[in-house]
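Colleague: I am new to reading structures, and I would like to learn how labels get attached to residues. Could you take me through some?

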Amino acid sequence: MLRLLLVLAGCLLLSDVIAQNNLLNTKFHCRAAAGNAHKLLHDLAAYSRFNIEYSPVILDSTVNVTLPDGETSLGKVLNRILSGQRVSVIEKNDKIIILHADAPLPADALLEKHMLYGFIQQENSLEPIPFASLREVSAKAICESNVFGFYSIMLPAGEHVLQVSFTGSSSKTVTVDLTKNTQLNFFLSPALLPETQVAAGNMLRKDASIKLDRYQSGLYSNMLGETDPVRALYLLPGNMESQESGGKLLVRGGDPGQSLFYLDGNQVFNPAHLLGEVSILGNTSIRSVQQYKNDFPARLSGAISSVTEINSKDGNMNRWSGEAEAGLNAFSATIEGPLKKNRTAMMASVRQSTGDAFNQDMFAYDANFGDTHVKLTHLLNRNNKLQLSAYAGSDRLQLTQDSQEYLQKWSNALFTANWNHVLNSCSFVNTTFNASGHNNYIALMYKLPETNDIGVPVSRNIVFNNYSSGRRYEAKTQFELAVSPDVQSRFGAKFEYNILHAFNTLVTEDFKEGTDAFRVMRSPHFSNLTAYYENDINIGANLLIRPGVQFNSYKYDTYNYQVFQPRFFSSYRIDDDQQINVSYTHTGQMLHLVTSPYTGINREVWLPASARLKPEESRMINLGYQFKNRRLVNLTADVYYKKMNNVTGFAENINILFNGDSVENKIIAGKGWSYGTEWMCEKKFEKFKVIFSYTLSWSWRQFDSSYNGKRQPYRYDRRNQVNLLLEYQPIKKLDLSLLWHFNTGGWITLPATVSLDPEKDVINPGQDVKPPFKGPVSNRVNLNAAWYFDTKKVRHTVIAGISAINQSAMKYSTEIITEDNKSYDLDMYPRELFKFNGYLTYKLSF
């Protein structure tokens, strides 16, 4: 029913626009004539019987115009008569009304216009190309394909020269004669020298998102040796990785739960393998990566720091192709091809780590992970596409230390059904059903030295086993509607239903990986209905505004919450190379991820918003600048300020290791602030590419019941952050890269004491939580080399490299040493995983 109402609303908007241009599009036989504008308009109204109203004083009668004889439209004739006149033309009550204007009438203002629409795709494979640009050369009209490759542009009737381009593909120029609304698909082939291909100039931005497609051909490699466009997110200013956060993305000083990660529109709760060292999706499967953090379009909800959208490939519609990879750390394979040529395609990828076979006798940890991804795409007809995809991934990581051990397991399961539908020449609809699940297990074993009855030293183990899981179901529909050449509307709605399962902490002497022994503590169910509307409005060729609003209706138990969240974005093109943008976003988050305040103590609790813990809210303003030219220089700069309410944390002097029935009583809510400036520069040379980014930022938290209500620096505040990527191709088929990440130390908080007794929060209530202090700086360096050669239809690639982390402030664990088992005096010895890692990988593509 909701979808039907949205369709009707879109049709009413479109029919209103068509009605307004009905007279101008009317065909009639024009008589040959010559004279000034007043004479020709008077004669035209007399013999054609069109009702034309105007005042002769607003017309320049010194200019003579000639009209040819023949069949034409009223708009085309009026455009010829009024060319250069300072007038505007409107239709009202079946009349043409000519009014005075400050600027001359545009050359094509009254011409009949038609929609050109379709898909931009890769040649042969028919894979959609997102964010490709289509430009009308003479009129300088331009549009961009959406994430599904769909484009629509309104142009005057007649012949047009169109240029289609996309980074990494050869540009194509096509001549089209528009006489009616026309559906036309464009096909681009991969460029022989992709590094020399650039996008179509300084296109006026419709949002402030970062599209990472240009990094897919780069050499940002993860610890498996494969090119990883998702990990290229860490090149962006304001983004940070942390082993202690389980590999979740930390953006602008936010906590791990304030950033969302979507795979084909389906939310992923555990978005990384190996604590962030490896993406959950292989490079071969990825079509596009896009991150929102500077502004949030109205369709986005559920996060107040960032949203990252990853879309996977549809599969090759024409031929079978694939890739296989074997390395010291993992094996992987991907295959794609047509089940029915030009109609049905599939893509399947699988990856499995070598685990103990590689780590044994080398490191203090065992790490295993694996994932499987399958996607089917079926073209029902030229206007309808159906996609089904499924993903499953899991990790198991165990760290063994002298006095304690960590065991951590996490997994994802996703299913997505997606329907793309071209409703008509002006509108595109995407409808999705999502189902997802996640599981998280973390256990900490403390080895306590004791003596037995005869005085012999022995060791007693205490293990805190914590487990949680969740299920999420979502249905959503999104519409894109081209109302006019200068107005594009987007609107839609979604409904999501979540079930969280939390379990009491299980205290044992050994790890309990099986979930049967856990007792369900609570299983909150909550729902959220979201609807949104926004418009892209072009005011002239150099100014765009995008007002929007989102409505949320949330329900959990007896708690109901409704809110309108306004959004606004505007961009202005200063000249051919420069533009600025400004945005304001009011965002909300209904799910709290409460994290431990103590560095290295890996503790998280998911809680839905409630009457006691209100939804998190953020209000942010962002001012951005971009310089981009055809000499392959791209510079961006942003300044932002963000105020957050209802952020959560653990209360002081509580036992964060233990989950009991009253865990909500351990949670406190407060305020947060984040502000700073971010800079990024990309420069391409003949054999070099350089990407440099710098962040200067501050992040604060304030809780009334913590630190006497004083504002404190947040644990993920990294004041200065530098990223540098150098790529060099000394000879053909050999690529070298150097990557450097640097950040100043984060803020470390030490608990006064940690109780290993589940029944007690603190052993010494008189001790206070120590104030945070600044930790050491962090340096990370990656050296990578890739050499490739071809044999017939197979490309072989050998990749080798080294990843090294020095003095990281982002530790995975903190070893707790106790002098005796009564006082539990605390010393902390931070440890990090993957401190030094070498990799060697062989890959073949066919």
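Predicted model: local features only at pLDDT ≥ 70, side-chain atom pairs only at ≥ 80, totals over all residues.

Colleague: Why is the pair of Y554 and Y559 called edge-to-face?

Modeller: Rings of Phe, Tyr and Trp (its six-membered ring) pair if their centres lie within 6.5 Å; planes under 30 degrees apart are stacked, over 60 edge-to-face, and the rest tilted. The centres of Y554 and Y559 are 6.2 Å apart and their planes stand at 65°, so this pair is edge-to-face.

Colleague: And what makes W740 and F742 a tilted pair?

Modeller: Their ring centres are 5.9 Å apart with the planes at 35°, so the label is tilted.

Colleague: How do you know whether Y554 and W740 are buried or partly exposed?

Modeller: Buried means under 20% relative accessible area, exposed over 50%, and partly exposed in between (1.4 Å probe, protein chains only). Y554 has 0%, so it is buried, while W740 has 30% and therefore counts as partly exposed.

Colleague: Why do we say that the charged end of R701 sits over the ring of Y714?

Modeller: The rule asks for NZ of Lys or CZ of Arg within 6 Å of the ring centre and within 35 degrees of the ring normal. The charged end of R701 is 3.8 Å from the centre of the Y714 ring and sits over it.

Colleague: What makes K375 and D264 a salt bridge?

Modeller: A salt bridge needs a side-chain nitrogen of Lys or Arg within 4 Å of a carboxyl oxygen of Asp or Glu. For K375 and D264 the N to O distance is 3.8 Å, and the side chains meet in a salt bridge. K375 is buried because its relative accessibility is 3%, and D264 is buried because its value is 11%. Both residues also belong to a network of salt bridges, with E127, R287, D314 and K385.

Colleague: How do you know that R472 and E496 form one too?

Modeller: Their N to O distance is 3.1 Å, and the side chains meet in a salt bridge. At 2%, R472 counts as buried; E496, at 11%, is buried as well.

Definitions and conventions: Residues numbered from 1 in each chain as written. Heavy atoms only, no water.
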